[in-house]
Amino acid sequence: MKGEQAAGVQGLSCHDKHGTDTPDGAENRRLPFLIRRDGTWLYRGSEIRRKAMSCLFGSLLTRNAQGAYLLRTPFESGLIEVEDVPFLAVELDWSGMGRMQRLSFRTNMDEVVVADAEHPIRTVWDIPPEACPEGCPPYLTIRAGEGAYPLEARLSRAVWYELAALAEPGACQGVPCMGVWSCGSFFPIARMVVDSSGG
């Protein structure tokens with residue numbers, strides 16, 4: 001593969017699918033791809049600028065049973081490096097309220113995912129504020145991998161703030177918290193603030 005022309009993906013949408021036969025030993029091979037924390041794809045250190053190509057590669061990405069990221073393309077297959085998670089949630093749309101609320105996220109790959117029991121919002125919420133001074137960002141499950149490890153999108157800061165504005169009091173495993181409802185599932189996002197003034 002040389003640069004972006006090697007994949008020949010002109011005119012492809014984000015959800016085009018191709019054959020994904022995996023050569024023997026693919027999971028022991030490392031491909032020169034890197035997905036940065038900001039969602040940028042690099043190939044041999046150069047940014048992949050064509051969104052159609054990033055979308056295609058993103059659709060062919062999975063995780064093996066050990067949790068490593070495995071890219072299976074029509075050309076070659078192998079492990080790739082991901083700094084955090086492969087996707088970003090860049091837009092939030094919601095409808096309804098309370099338990100009937102529906103939270104719909106658009107990723108940087110233009111994939112729309114609705115938060116529900118199969119696509120949960122994951123947060124490190126049951127910790128004191130000083131344990132995560134800048135806040136611990138929420139993650140959304142995009143799809144299952146080949147084992148127990150899913151592929152996730154990190155919520156962008158703007159989307160995170162929007163989500164926080166929708167939070168309401170609730171409880172998770174008996175612990176009071178602030179969280180959000182979507183499709184009948186409650187997702188905690190922060191520990192309930194306790195008034196320690198004694199007043």
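Mentor: A residue counts as buried under 20% relative accessible area and as exposed over 50%, with partly exposed in between, using a 1.4 Å probe and protein chains only. This is a predicted model, in which local features need pLDDT of at least 70 and side-chain atom pairs count only at pLDDT 80 or more, whereas totals for chains, interfaces and linings use all residues. Residues are numbered from 1 along each chain as its sequence is written, and side-chain values use heavy atoms, with hydrogens and water left out.

Trainee: Which residues of α1 are buried?

Mentor: Helices (H or I, at least four residues) and strands (E, at least two) are DSSP runs, numbered from the N terminus. By that numbering α1 covers residues 51-59, and seven of its nine residues are buried. Those residues are Met 53, Ser 54, Cys 55, Leu 56, Phe 57, Gly 58 and Ser 59.

Trainee: In the protein chain, what share of the contacts with a separation of 6 or more comes from residues 24 or more positions apart?

Mentor: The chain holds two helices and 15 strands, and buried residues make up 43% of its 199 residues. Taking a contact as heavy atoms within 4.5 Å, the share that comes from residues 24 or more positions apart is 54%.

Trainee: Which are the edge strands of the open sheet of six strands?

Mentor: Two strands pair if DSSP finds at least two bridges between them. The six strands follow the order β9-β8-β7-β12-β11-β10, with mixed pairing. The strands that pair on one side only are β9 (112-114) and β10 (121-122).

Trainee: What angle does the direction of helix α2 make with that of β7?

Mentor: Within this sheet, β8 (residues 102-107) runs antiparallel to β9 and is joined to it by three bridges. Helix α2 (residues 157-165) packs on the sheet and touches β7 (87-95), β8, β10 and β12 (151-155). Axes are lines fitted to C-alpha atoms, for helices over the stretch in contact, and angles run from 0 to 180 degrees between N-to-C directions; by that rule, the direction of α2 makes with that of β7 an angle of about 30°.

Trainee: Which residue lies over the face of Tyr 139?

Mentor: Four bridges join β11 to β12 in the antiparallel sense, and Tyr 139 stands opposite Arg 154 in β12. A charge sits over a ring if NZ of Lys or CZ of Arg is within 6 Å of the ring centre and within 35 degrees of the ring normal. At 4.6 Å from the ring centre, the residue over the face of Tyr 139 is Arg 122.

Trainee: In the open sheet of three strands, what does the twist average from one strand to the next?

Mentor: The order here is β13-β14-β15, with antiparallel pairing. Because β13 (168-172) and β15 (185-191) stand at the edges with a single partner strand each, one side of each is left without a neighbour in the sheet. From one strand to the next, the twist averages 55°.

Trainee: How many Å apart are the centres of the rings of Trp 181 and Phe 186?

Mentor: Strands β14 (residues 175-182) and β15 pair over six bridges, and Trp 181 stands opposite Phe 186 in β15. Rings of Phe, Tyr and Trp (its six-membered ring) pair if their centres lie within 6.5 Å, with planes under 30 degrees apart counted as stacked, over 60 as edge-to-face and the rest as tilted. The count by this rule comes to five aromatic pairs. The planes of Trp 181 and Phe 186 stand at 55°, so the pair is tilted, and the ring centres are apart by 5.2 Å.

Trainee: Is Arg 44 buried or exposed?

Mentor: Arg 44 lies in the loop between β2 and β3 (46-47) and has a positive phi of about 50° although it is not a glycine. Most residues other than glycine have a negative phi. With a relative accessible area of 60%, Arg 44 is exposed.
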